[in-house]
Amino acid sequence: MSYLGVGVSPGNVPVYHGSDLKVVDRRVRVAELILRSVICGLALVAAVLVATDTQVKEIFTVRKEAKFTDMKSLEFLVVANGIAAAYSLIHIVRCVVGMIRGSVVLNKALAWVIFSGDQVMAYMTVAAVGAAAQSAAFAKLGEAELQWMKICDMYDKFCNQVGEGIGSSVIVCVSMVMVSGLSAFSLFRLYGGGNKRGRKTSAAW
């Protein structure tokens, strides 16, 4: 016995049929597509902001140019955002093609590949943002005990643009963590035994 695609078990526990599972999969795919689009766009913006940021100052007739290659953490941030943008673009194409073809449900092998890739990307973006934020804090606040001067007092424009890049990277990082959660959901739901029990229960009723 069922109503609107939901079977009712003897214990009054709703059992979802295959059509309902496909609806859930489509919603997960749409959410994934949105998040990956955000990651791709903002990661590209962050990489461009940091990579193109320069400022020249004259210190006692010596011209000194500040650029992102002066700090290894900013180099890591640019590379990580570039990889995240390219990686997300590939998955955007995959999501769009899958939605057009109607093949929404993943097989286990592909789900494992996506899950593993998303985990690596999430850890990489977290590490890049953490390292860049720490370097930015030292540049902004200095360190009196180590006699590190406040670099941002001299290169204010450079620091402001780097800050914008780090802000975009933070959103990329959070979105990547959310995507890795969606890929984990998509993977481990394939191992659930509830689907088989649901089919047996609905067949019996």
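## Starting with the cysteines

The structure holds zero disulfides, where a disulfide is counted as a pair of cysteine sulfur atoms within 2.5 Å. In general, a disulfide is a covalent bond between the sulfur atoms of two cysteines. Cys95 counts as buried because its relative accessibility is 0%, and Cys173 counts as buried because its value is 11%. Buried here means under 20% relative accessible area, exposed means over 50%, and partly exposed covers what is in between (1.4 Å probe, protein chains only).

## How to read this model

This is a predicted model, in which local features need pLDDT of at least 70, side-chain atom pairs count only at pLDDT 80 or more, and totals for chains, interfaces and linings use all residues. Residues are numbered from 1 along each chain as its sequence is written, and side-chain values use heavy atoms, with hydrogens and water left out.

## The chain as a whole

Of the 205 residues in the chain, 37% are buried. The accessible surface comes to about 12,100 Å², and 67% of it belongs to carbon and sulfur atoms; such areas come from the Shrake-Rupley method with a 1.4 Å probe, and for residues only the protein chains shown count as cover. Among contacts with a separation of 6 or more, 76% join residues 24 or more positions apart. A contact means heavy atoms within 4.5 Å.

Helix α2 has 30 residues and reaches 44 Å from its first C-alpha to its last, close to the 44 Å expected at 1.5 Å a residue. The expected span is 1.5 Å times one less than the number of residues in the helix. After α2 comes Gly102, with a positive phi near 85°.

Helix α3 tells a similar story: its 34 residues should span 50 Å, and its end C-alpha atoms are 49 Å apart, which agrees. Just after α3 sits Gly142, whose phi is positive at about 70°.

## Regions listed in UniProt

An unreviewed UniProt entry lists residues 33-56, 76-97, 109-133 and 166-191 under "transmembrane region". Positions are given in the numbering used here, feature names are shortened, and such annotations may be inferred rather than shown by experiment.

In the model, residues 76-97 are 100% helix and 0% strand, with end C-alpha atoms 32 Å apart. Residues 166-191 are 88% helix and 0% strand, and their end C-alpha atoms lie 38 Å apart.

## The largest nonpolar core

A nonpolar core is a set of buried Ala, Val, Leu, Ile, Met, Phe, Trp, Tyr and Cys residues joined through side-chain atoms within 4.5 Å. The largest one has 33 residues, and the members touching the most others are Ile39, Val50, Leu74, Leu77, Met121, Phe158 and Met176. Two or more residues come from each of α1 (18-51), α2 (72-101), α3 (108-141) and α4 (156-188). The largest share, nine residues, is given by α4.

Take Val50 as an example. Setting aside residues up to four places away in sequence, Val50 touches Phe68, Leu74, Leu77, Val78 and Gly165.

Ser169 is in helix α4 and counts as buried because its relative accessibility is 2%. Beyond its neighbours within four places in sequence, Ser169 is in contact with Ala46, Leu77, Asn81 and Val129. Val129 belongs to helix α3, and its 11% relative accessibility makes Val129 buried. With residues up to four places away not counted, Val129 touches Leu77, Ser169, Val170 and Cys173.

Val162, also in helix α4, is buried at a relative accessible area of 6%. Val162 and Thr54 are 108 residues apart in sequence, yet 9.7 Å apart C-alpha to C-alpha. Glu65 lies in β5 (residues 62-67) and is partly exposed because its relative accessibility is 33%. Leaving aside neighbours within four places, Glu65 is in contact with Thr54, Gln55, Val56 and Asp70.

Notes:
Helices (H or I, at least four residues) and strands (E, at least two) are DSSP runs, numbered from the N terminus.
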